[in-house]
Amino acid sequence: MRWRYLLYLLVRTGVTTRYRNSVLGWTWSYVRPGAQFLVFWVVLGLFLNLNRDIPNYPVYLFSGIVVINLFSEAFKNATTSIVNNAPLVRKVFLPRQLFAVSAVVVAFIHFLPQLALLLIVCLFMGWIPSVSILGVLAALAAMIIVSLFALGIGLFFGALNVRFRDAENIVELLLLLATWASPVLYAWTMVQEAMDKLGWPDWLVDIYLLNPITQGVELFHYAFWRPVTDTTLALPPDLAWNTLWTFLIAVGTLLLGQLVFRRLEGKFAQDL
Amino acid sequence: MSTATASRPSIVVDGVRKNFTLNHALSFKDTVVAWIRRRKTSSTFEALKGLDLVINEGESVAILGLNGSGKSTLLKLISGVMEPDAGEVLTRGRVAGLIEVGAGFHPELSGRENVFLNAAILGMQRKEVEERYDEIVAFSEIEQFIDQEVKHYSSGMFMRLAFSVAIHVELDVLLVDEILSVGDAPFREKCRLKFGELIAQKKTLVVVSHDMEMVRELCTRGVVINKGEVVYDGEIEGAIALVDE
């Protein structure tokens, strides 16, 4: 890998300059998800009574939020990475995918403090004796799936964004939907119940569960929330198989993103 | 070019065309309006019209021409930043472009960090940069400011450091675009010597410049481009005379 050193430096630059000239610095990495968590907990947990339906709702909520945050940050950064590095893209020849890859890696590094927070909370609630190897593997799988998926669509929209800046707005919209399209704030069984009530076919639920982000969230619930909670909430069907399928979907997205990126790459220098 | 035929070509530009599409319609509304009025929403501009050029190893070539004649486009095609619409560009060895140096500088990082970052952007590995770091800083003559953030640099200091990094990259082909006017007179002299050194090492040098004095000193061959076509290729004096007219 001829460009590994450059990737390392790009990641380091992204991490160290992110909070330059801000007094609170890295604290912001906690403040944002913290505020998000508080709002959802108060509104949905207390006002709308989800606290009662889902036991241990704060942990349920937070383990979902961190996954969504990882995805949002990685996806958004990757999308804008090409345009943000316009001077380089226009003047120096280097593999432009590096910018998207480094954006995702930087997002992942920012996700680690949040993961640590979640871990600490879970440790206090007695995570250690009840967690299995499978749980740890599930958490790892979730991070891999979500990162690959974010990189894939990030490459796709990043390449489009060079010519059509609409891409950035579409991404904002998708991210807004992403939080609600996965069982972060509610339980997946509510989707099942709604489908039953409306009389819609069951395969819609399967499709819903095949969303890589949904899978990531469910795997995190499995890894962090279930071990510390006494619950009767059913596991999503085929959680193990869906891990494989969503992994393949994420890899497919990555290949598609790379393909589109390669197609459009030749025009980057003149369109920026 | 009877003497050059013996050596290997370093850059081959074969029938290269480059068109730029100029979009007049910038939004969906514009597109609809233009469509209703049956006006064209885009026009093409031919920057290069089937250009052929062979540059051999160890040659130093000046590409001359008026503004907008396609010189910089040609350089970008050789460096690989752009792809031609038709034809082929082949290069041998490591190509480094001094096309607007300092593109990869990050204002929030210190001079030292920027040296490493920029050298890596230009394709250097960690070991190579570490070996040459002292040389790079010494050449730029800004040792005392090297740990300051680059945003506090004067434009002269900035250009010196950027240029110094670019010139120390291990390369076979060096593309130079209008940056010979870097810095003050002593620094310019230093750059000129450095270029002379590279020529002596049998590196291939392609220079785009309007500074005829510099070009005359560095280059042996001149290529004049006008409206995307080669109109002169030969001795540097002839090229300069043609452009000066």
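Q: How many bridges join strand β3 of chain B to β7(B), and do the strands run parallel or antiparallel?
A: This is a predicted model. In it, 4 bridges join β3 (residues 60-64) of chain B to β7(B), and the two strands run parallel. Within that pairing, B:Ala62 has B:Val207 as its bridge partner.

Q: Over how many bridges do β6 of chain B and β7(B) pair?
A: Strand β6 (residues 173-177) of chain B pairs with β7(B) over 5 bridges, in the parallel sense. Here B:Leu175 has B:Val206 as its bridge partner.

Q: Why is β7(B) largely enclosed by the rest of the structure?
A: Count neighbours. A residue is buried if 20 or more other C-beta atoms lie within 10 Å of its own. In β7 (residues 204-208) of chain B, 5 of the 5 residues are buried, so the strand is largely enclosed. Both faces are covered. On one side sit B:Thr204, B:Val206 and B:Val208. On the other sit B:Leu205 and B:Val207.

Q: What is the phi of B:Lys202, and where is the residue found?
A: Phi of B:Lys202 is near 65°, a positive value in a residue other than glycine. B:Lys202 is in the loop between α6 (185-200) and β7 of chain B. B:Lys202 is exposed, because the count of other C-beta atoms within 10 Å is 12, and a residue with 12 or fewer is exposed.

Q: Which loop of chain A holds A:Asp238, and what is its phi?
A: A:Asp238 lies between α12 (212-225) and α13 (239-265) of chain A. Its phi is positive, about 55°, although A:Asp238 is not a glycine. A:Asp238 is partly exposed, with 13 other C-beta atoms within 10 Å.

Q: How are two packed helices described?
A: By the angle between their axes and the distance between the axes. Take α8 (residues 133-163) and α9 (residues 166-181) of chain A: their axes come within 7 Å and cross at roughly 140°.

Q: Which residues meet in the contact of α8(A) with α9(A)?
A: From α8(A) come A:Phe157, A:Leu160 and A:Asn161. From α9(A) come A:Ala167, A:Glu168, A:Ile170 and A:Val171. By class, the residues of this contact are 5 nonpolar, 1 polar and 1 charged.

Q: How is the size of an interface often given?
A: As the accessible area lost when the parts come together. Residue counts describe the contact here: 22 residues from chain B and 16 residues from chain A.

Q: Which element gives the most to the side of chain B that touches chain A?
A: Elements giving two or more residues are α2 (71-79), β5 (95-99) and α3 (111-121) of chain B. α3(B) gives the most, with 4 residues. That side of chain B has 11 nonpolar, 6 polar and 5 charged residues.

Note on methods:
Residues numbered from 1 in each chain as written. Chains lettered and ligands numbered in written order. Predicted model: local features only at pLDDT ≥ 70, side-chain atom pairs only at ≥ 80, totals over all residues. Axes fitted to C-alpha atoms, helices over the stretch in contact; angles between N-to-C directions. Contact = placed C-beta atoms within 7 Å. Nonpolar A, V, L, I, M, F, W, Y, C, P; charged D, E, K, R; others polar. Pairing = 2+ DSSP bridges.
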